[in-house]
Structure formats: structure tokens, C-alpha cells
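Hi,

Here is the structure I promised to pass on. Have a look at it first, and then read my notes below.

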Amino acid sequence: YMWAGYSKSLDDRISVALAVGLVLWFAAGCERNRTVSLTLSRIIRVGGLRASVNTARRAVDDLERAGLIRVERPPGRAMLVTLLDPPRSAPPHPSAP
């Protein structure tokens, strides 16, 4: 919950960034590893997103800037995305007192 709550700081692009984040968490769960190898087109396809590759790229960049993922981009290959715990400054879950 904290990870999703922290992503609210991404402002108006939250819906795409959150959808991409959920796809990344799904892929990590399927592989039982927080580091997954994915292409942007696969993220769009798996998530059923109505988004362009450029929009998905911006969402990945936003999640990386927010400190929620680390991305390695080997030339000519799928990116390696590692899911990170939210930074300590993450806002509390909305239902927290």
C-alpha cells in the first residue's frame, strides 16, 4: 500500500504510472523476483493499456524519478526493472490514522 500511496506524488500522470507499476509488480510476482526484464511494448500488452510506447516510457521514467524502481537499459535489449521499497519519506497510506 505504501508503494501505491507514494506514487500519488506523480501528479496528473498517476493513472498511467500506477498501471505500469502494477504491471511491474505482476511480472515480479510471476517471476518471484523483484528484478524483471521487460520491453515497453510488453508492459502495454500485459497491462491492457491504451497508451503509446512514449507514454509508457514516461511512466517508467516517472516511477524511477520517484525512487520506486531502478532501471537498467542495456542497448538493444529489454530493460531490467528492479522494484524498490518506497523511500522513507513516503506518505502514509490514506487509511492510516
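**What I found**

Let's start with Thr-82, which sits in strand E3 (residues 79-83); strands here are DSSP runs of E, at least two residues long, and helices are runs of H or I, at least four long, all numbered from the N terminus. A heads-up: this is a predicted model, where local features need pLDDT of at least 70 and side-chain atom pairs count only at pLDDT 80 or more, while totals for chains, interfaces and linings use all residues. Residues are numbered from 1 along each chain as its sequence is written, and side-chain values use heavy atoms, with hydrogens and water left out.

Is Thr-82 buried or exposed? Its relative accessibility is 10%, so Thr-82 counts as buried (buried is under 20% relative accessible area, exposed over 50%, partly exposed in between, with a 1.4 Å probe and protein chains only). Leaving out residues up to four places away in sequence, Thr-82 touches Arg-34, Thr-35, Leu-68, Ile-69 and Arg-70 (contact means heavy atoms within 4.5 Å).

Now for helix H4 (residues 53-65). Its buried residues are Ala-56, Ala-59, Val-60, Asp-62 and Leu-63. Seen down the axis of H4, they fall within an arc of 160 degrees, so they line one face of the helix (the arc is taken from the directions from the helix axis to the C-beta atoms). After H4 comes Gly-67, with a positive phi near 80 degrees.

H4 also has a partner: in H2 (residues 14-31), Val-16, Ala-17, Val-20, Gly-21 and Leu-24 meet Thr-55, Ala-59, Val-60 and Leu-63 of H4.

Cheers

Definitions and conventions: Expected span 1.5 Å × (residues − 1). Axes fitted to C-alpha atoms, helices over the stretch in contact; angles between N-to-C directions.
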